[in-house]
Amino acid sequence: MPWVDAQVVAMHDETPTAKTLRLALPGPSTHRAGQHYVVRLTAPDGYQASRSYSVASAPDGGNEIELTIERLDNGEVSTFLHDGLDVGDEIEVRGPIGGWFVWDGDIPALLVGGGSGIVPLMAMLRLARATRRSELVRLILSVRSPVDLYYAQELPGPEAEVVYSRVAPPGATRPPGRLTPDDLEGAVKHDGTVYVCGSPPFADAASGLLVGLGVPTDRIRVERFGPSG
Amino acid sequence: MAKFTRGFAGRGKAARDARLPPGQYDIGRGWPVLTAEVTPNLDTSTWTFTVDGLVQRETTWTWDEMHGLPPSTFSGDIHCVTTWSKLGVKFAGVAVDTLLNAAELLPAATHVMARSHTGYTTNLPLADVTDGKAWVVWEYEGAPLAVQHGGPARLLVPHLYFWKSAKWVSGLRVMDHDEPGFWERNGYHDRGDPWLEQRYQGD
């Protein structure tokens, strides 16, 4: 799998700490929803740093992919991608990678995300909507507050629900708080493969709730996000 | 060499510890948890470990029996394919050599498939788990191995990328051929040598 040069064609902020990069690859992206690319940066002295980022855009046969990057204060790569990169710059990428946490748009799927864990699940949701198979997916996303919601304009819908853990928006009927069995009870009736994505504590908590609600462990796929360091 | 990325200085080459394989960095005190499946809750009173396949005798140990075997420790470095490395860590358990010798390998043996209580699998050449290169460990830095890191016991093959060190290990099947395990079927390299940067299939 070769390293290729990807050109940054657009950038925009999702939240104060998360930015989406739109990258043009040399050829069509063959990624499946849920997969990731590795981004590699090289300093003039030859020093290299690489990190994996999930693709937020659905497969569409085109050359462009979107990666949503959370800026971590101690992050060597994320701080550069946020602060040092401009439209028109090129970065090296390799991929797509990952055959486990993928959804090909053809089976029922329950998506359970926490915070930045929404990224690969968004590719799945976008694929469902683009192929008019929204009835196949249900998404439950937990975020701290409305300002932390990625894809805020696009995400909410009949099949996608956001719950807030610290600050709920005005008029919200559900008071802010972490995910509870009640939040997931209705969703688990939507039979299918479950994709859990978020920080390790979120992934553990959400998996625990799902197992407690009777979801067999072999139907749960987990992707844990967070600093590779 | 890759051309450089405009504006990126990074942490610098001079700062790199020589113990780091290419493309890796020292994560210091952290130890990220990366797992594809739900963390299991395993009871040592019913825990077993089995060596089977191309051996003279299929052998199973209980937790207590495993602890009765001659102990062995590893002190050194571990490397994750996601690019973090932990330098100077210490694990304790039993050498895989001890387990394979008890079961007695048949001459045709060339590979093993490690399996976990969760259904996870990973394949390894026999040469990478013998001659003091691999362990089944249950202690990390003198304390019981935490469940999210593979406790009560995991496989440890520190000279290969850490996905080969199967968490919640339940056995080794000895084989006369190679076969891809879980991550190997999902895009990762069959062998996984960090010094050759064998991260993905085709590397």
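Biologist: In what sense do strand 7 (residues 109-114) of chain A and strand 8 (residues 137-143) of chain A pair, and over how many bridges?

Modeller: Strands of a sheet pair through backbone hydrogen bonds, in either a parallel or an antiparallel manner. Here strands 7 and 8 of chain A pair in the parallel sense, over six bridges; pairing requires that DSSP find at least two bridges between two strands. In strand 8 of chain A, Ser142(A) is the bridge partner of Gly114(A). The model is predicted: local features need pLDDT of at least 70 and side-chain atom pairs count only at pLDDT 80 or more, whereas totals for chains, interfaces and linings use all residues. Residues are numbered from 1 along each chain as its sequence is written, with chains lettered from A and ligands numbered from 1 in the order in which they are written.

Biologist: In what order do the five strands of the open sheet of chain A stand?

Modeller: The order is 9-8-7-10-11, with parallel pairing; strands (E, at least two residues) and helices (H or I, at least four) are DSSP runs numbered from the N terminus. Strand 9 (160-164) and strand 11 (220-224) of chain A each have a single partner strand, so one side of each is left without a neighbour in the sheet. Neighbouring strands of this sheet are turned by 15° against each other on average, direction ignored.

Biologist: Which strands does helix 4 (residues 200-212) of chain A touch?

Modeller: Helix 4 packs on the sheet and touches strand 7, strand 10 (193-198) and strand 11 of chain A, a contact being two C-beta atoms, placed from the backbone, within 7 Å. The direction of helix 4 makes about 150° with that of strand 10 of chain A; axes are lines fitted to C-alpha atoms, for helices over the stretch in contact, and angles run from 0 to 180 degrees between N-to-C directions.

Biologist: Which domains does the assignment give for chain A?

Modeller: Domain 1 spans 4-97 and domain 2 spans 109-224 of chain A, with bounds from an automatic or database assignment. Their centres, taken over C-alpha atoms, are separated by 24 Å. Each of the two domains of chain A gives 14 residues to the contact. On the side of domain 1, strand 1 (4-15) and strand 5 (64-70) of chain A each give two or more residues.

Biologist: How many helices and strands has chain B?

Modeller: Chain B has three helices and 11 strands. From the N terminus on, the elements of chain B run β-β-β-α-β-β-α-β-β-β-β-β-β-α. The C-alpha trace of chain B spans about 60 × 35 × 30 Å along its principal axes.
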